Amino acid sequence: MRRARFLLGSEDDAREMLNEIFVSLLDKPEQFSEKSSITTWLYSVTTHGCLNRLRNERTRRRILSESALPPSETSNESPEHAVMLRQELTRLPQELAEVAVYHYLDGMTHDEIAGVLNCSRRHVGDLIERMHAQVNEEKS
Amino acid sequence: MSKRLHSPYEKRGADCLSDFAIDALVAGDVDSEKEKSQREHLVTCDDCRARFENASHAAEDFSRDAPELNLPIARKNKPNNVRVLYAASSVFAIAAAILFFVRFGHHDPETDLTTRLKGSSHIGFYVKHGAEVSPGTIGAHVHAGDALRFTYATTSSGYLAILSVDGAKNASVYYPDGPTAQAIEPASNRALSSSTILDDTVGHETLYGFFCDKPIALEPVRAALAANSDHAPVVDGCTVDTIAFDKDPNSTP
C-alpha cells in the first residue's frame, strides 16, 4: 500500500491497485507459485501493476501535470523528488522503469533487485547504467 | 529544488537495510541467519530502526483495519436463510489470498475439491473459520457462522448457479444474487465474487452447482429442490455437480 500510494500519487488509485492485486490472486492463485518469497512476489506485482497504471493516459496526464507537492510517504523522500520520480517513470521503458522503482524508491541493493527481477547482478548494473543515461539525456 | 534523482541507498551506511529488506523482516520472510544480523544492525542504526518501527506499525494497522476490497456487493435478506457478505469480506479475501495461498500452497489431490476430476465442471469452496482459511473438502465439517467462498472449474463458457439444501431441507440460492444463472468463463479454479455466512441450521447440507448453456431462471430450480430435496432436478441444458458437508453448531476457533 505504501509503495502503491507513492508510485501512483493517489490514495484512491493505490487502494484500487491493492484491490486488483488481491482479487487477481484469489482468481488465479497459481500466480504465486512459491518460487520466490511472498515479499519478492508482492514487490514485483505491485511495481508491475503501478507502472501499467502510470501508462494509462489519464493517470499519465495527471502525473505529468503535478506541480502541487504531495506529502512524502517515506522519511527520506522530499516531495519534489517524489514528483520527479513519478514523472520519470511515465517516460522510461518498462524494464528501466522497474529498475528505477527498486533503485530510487526502495533503495534496494543490486543483489536484491536481481532477486526480484530474477536476473544476474551484472544485468542489474547494466540496467541501472542505461536508466541513468536515459534520465540524464532527458534532462540535458 | 534538487534536480537529480537519487537513491535512498546513497545516504545510508553499507550495512543499512533497504525498504525491501525491512518489509521482508516485518513479514517474517527472511531466513534466521539473515534475520539475526539484520536485528543486530537495528540495535545500532537509528535510521533503520525508525523505518522498521514505522513499517511494523503500518503492518499492525493494516491487519487491524484492512481496507475493504471492492467485490461486487450482494445481500439477501432472508432471516431464515443465509446472508451474503458485503465487501467487508475484505478480511476474508485478504486472509484467503495471504493465509491460504501461502500456507496451503500445495493441495492434496485426494480430498482437495479445487483439483477434482479434470475435464468436467465442478464447484468447490474455501471456508473461513475465525481467522483460519482452508480449502473445503468432501464431507467437511463446517460450523454455523463460518464464511464460504465458492469456486468453480469448467472447460467451457456458460452459466452457473449454486443452490443448497440444508439440514432442515430448506432450499436456497447461494450464487448468484440475481434471478438467473450467472455467465462464467472457462477456469481451472476461479473464486466467485461473493461470500456466504452459514446460518444456524445444522446437519447435512448439499450444494448443487448447475452448469448451464443458458441463463436459467433460479426460482423454479430452488422450488424443485425444496419439493424433492434428495435429488437435483433435471434442467434442460445443465449439468450438475454436488458437494456435501456437515454443518455443526457455532464454535469458537
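Select helix H5 of chain A, residues 79-91. In this predicted model, H5(A) is mostly covered, with ten of its 13 residues buried. Colour the buried ones: A:His81, A:Ala82, A:Val83, A:Met84, A:Leu85, A:Arg86, A:Gln87, A:Glu88, A:Leu89 and A:Thr90.

Now check the helix length. The end C-alpha atoms of H5(A) lie 19 Å apart.

Together with A:Met131, A:Leu89 touches the most other members of the largest nonpolar core, which has 39 residues. Show the helices that give two or more residues to this core: H1 (2-8), H2 (11-27), H3 (38-54), H5, H6 (94-105), H7 (110-117) and H8 (121-139), of chain A. H6(A) gives the most, with eight residues.

Centre on A:Met131 next. Beyond its neighbours within four places in sequence, A:Met131 is in contact with A:Leu92, A:Leu96, A:Val99, A:Ala100, A:His103 and A:Tyr104.

Move to chain B. A second, separate core has 19 residues, including B:Val127, B:Phe150, B:Ile184 and B:Phe211.

Then select strand E11 of chain B, residues 238-248. Which strands pair with E11(B)? Strand E4(B), residues 141-143, runs parallel to E11(B) and is joined to it by three bridges. Look for B:His141, whose bridge partner in E11(B) is B:Asp246. Strand E10(B), residues 203-212, pairs with E11(B) in the antiparallel sense over ten bridges. Finish at B:Thr206, which has B:Ala244 of E11(B) as its bridge partner.

Terms used: Residues numbered from 1 in each chain as written. Chains lettered and ligands numbered in written order. Predicted model: local features only at pLDDT ≥ 70, side-chain atom pairs only at ≥ 80, totals over all residues. Heavy atoms only, no water. Helix = DSSP H or I, 4+ residues; strand = E, 2+ residues; numbered from the N terminus. Expected span 1.5 Å × (residues − 1). Buried < 20%, exposed > 50% of the residue type's maximum accessible area, 1.4 Å probe, protein only. Pairing = 2+ DSSP bridges. Core = buried A, V, L, I, M, F, W, Y, C linked by side-chain atoms within 4.5 Å. Contact = heavy atoms within 4.5 Å.
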